[in-house]
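Reader: Could you take me through one part of this model in detail, the place where the two chains meet? I work on the computational side, so please give me the cut-offs along with the numbers.

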Amino acid sequence: MNLAIADIETLSPGLKRFTFTGAELPWAGPGSHLVLEIPGAERTRKNAYSLIAAPDGAYRIVVRRVERSRGGSHWLHDHARPGDVLEVRAPQNFFHPPRNAKRHLLLSAGIGITPFLAYAQTSGLVYELHHCCKPEEAHSFRALLPQGANAVLHTNREALNLHGLLARQKLETHLSICGPESFMDHAISLAKSLGWPPAKIHLESFGSANWGNPFSVRLKRSGITVDVRPGESVLEALEAAGLNPPCLCRGGACGECRMSVLEGTPEHHDHYLSESEKTSGKSMMICVSRAITPELLLDF
Amino acid sequence: MNKSRPVYAPFKLDPSGAAHLIVTSLAAPPAGLDDTLSEVEVWTVARTGPGIPVPMVGAQRPFRSRTELLAQLEHRLGRAAIGLRLYAIGSEAFIWDAANIAVAAGMGHGEIFTHQAGPRLRRVYCTHCRTMIEDVAVNIAPCPACDAVLSVRDHFSRRLAAFMGVKVDAEVPGEIPAPEEFAT
């Protein structure tokens, strides 16, 4: 659907809030994201952004201007103007609050706060939110964070006693994590070492892992070879080559874009495959994962 | 294959847990306890155990009845920290009672393990008057509350932790087959 940018607010030098309006916006629960098609010099970028609130006649997102942007966030920060119309896909949700949780422990870092802003406004959702950010952004995030003692801002990751926090939770608590890959990996491994069952750990990642070395992908059934550049995902390279591989979340969470790896070794960045599936190297999520070997042969 | 019958894996401790609570309707702890793990507690039902809430004797805590054990379990899980694994061992009625208490306390997949052990006795739910009949040993059982003679089906309800009992002579009143012991 085509949606117009109704408003752009600068929250900090690196953060802007965008409001999109349109007729008859589909409902979207907490944890939903939009995929925006963002114009670029070479090609259109498709970037996913979490909604920070339930739709109230508008969709609201917060976008960080990523230094090593692949184009999407720079365009939104530097070129987008109120009144611009973008192609937006209806919201999808791969990160809704776990239904059987009586309490939610929410951990976020940086721009990973966005889905939890929607969680915090959900009535009846009992939560404790811990957000980590850089000291220079504390002011902006404090303004975004919900009021109350159950939402805590930490200006560096060491200030948060993650071990104590994870160890003292009750059985009725579920853990949800959103942030950069290193933050999530640290929190996940700490939680598992404290006995958290995987079924109570919920993750939302976003495409931060797409930087890396160039490599090429040979497609067995399509019969072509596609080069994947640094800052580009396999999914994007395939789309640029005119292919239409299945995908939904574009963030390594939903499992839709899984592909069989016939030759070569993938470098996994997703949170979908199990550890043993990752070790076997027989399949990969092409939206976020890359290659260790110079070439991969995929069954597509 | 009866789809309503749960399948039980052999008992073993899950090393990913930070603490382990074993509850059994039997008098003795299960064989094969992994003594390399710390934080292991065993609750048993010994009919001659102390009659008041008791402290641990070593890592073992005996209760006088399943009812007393399950009441304490609810209390205990309400205070427990994440990382606990619960193992319920014994009759199917007992282990699913314990599992249901654990689910109500917020435990779920990967935290609750059930293992059938001990005599093949069934809790039977009279589908005609909703009475629960404990420790039924054979497949034909009279309901003590209504006048139905029940056929104990293999249909197990995890919610009720009971097998369904339906009137055995509904079609030909008075025609009651000879009872047989349960094989499983």
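Author: Chain A and chain B bury about 1,100 Å² between them, with 56% of it on carbon and sulfur atoms; buried area here is the accessible area (1.4 Å probe) that two parts lose on being put together, summed over both. On the chain A side, A:Leu171, A:Gly195 and A:Pro197 supply 45% of the area that chain A buries against chain B, more than any other three residues. Before going on, a word on ground rules: this is a predicted model, in which local features need pLDDT of at least 70 and side-chain atom pairs count only at pLDDT 80 or more, while totals for chains, interfaces and linings use all residues. Residues are numbered from 1 along each chain as its sequence is written, chains are lettered from A and ligands numbered from 1 in the order in which they are written, and side-chain values use heavy atoms, with hydrogens and water left out.

Back to the interface. In terms of contact (heavy atoms within 4.5 Å), 15 residues of chain A touch 19 residues of chain B. Between the two chains there is one salt bridge, meaning a side-chain nitrogen of Lys or Arg within 4 Å of a carboxyl oxygen of Asp or Glu. A:Lys200 and B:Glu111 make a salt bridge through their side chains, at 2.7 Å from N to O. You also get six residue pairs in polar contact across the interface of chain A and chain B, both residues at pLDDT 80 or more. A polar contact is a pair of N or O atoms within 3.5 Å; within protein, one must be able to donate a hydrogen and the other to accept it, and residues adjacent in sequence count only if both atoms are side-chain atoms. Sorted by class, the side of chain A that touches chain B has seven nonpolar, three polar and five charged residues. For that sorting, Ala, Val, Leu, Ile, Met, Phe, Trp, Tyr, Cys and Pro are nonpolar, Asp, Glu, Lys and Arg are charged, and the others, Gly among them, are polar.

How does that sit beside the contacts inside each chain?

Chain A is assigned domain 1 (2-93), domain 2 (103-204) and domain 3 (215-298). The contact between domain 1 and domain 3 of chain A takes 10 residues from domain 1 and nine residues from domain 3. About 820 Å² is buried between domain 1 and domain 3 of chain A, carbon and sulfur atoms giving 34%. Two salt bridges cross that interface, and A:Glu239 forms a salt bridge with A:Lys46, the closest N and O atoms being 3.7 Å apart. By class, the side of domain 1 of chain A that touches domain 3 has two nonpolar, two polar and six charged residues.

Methods
Domains from an automatic or database assignment.
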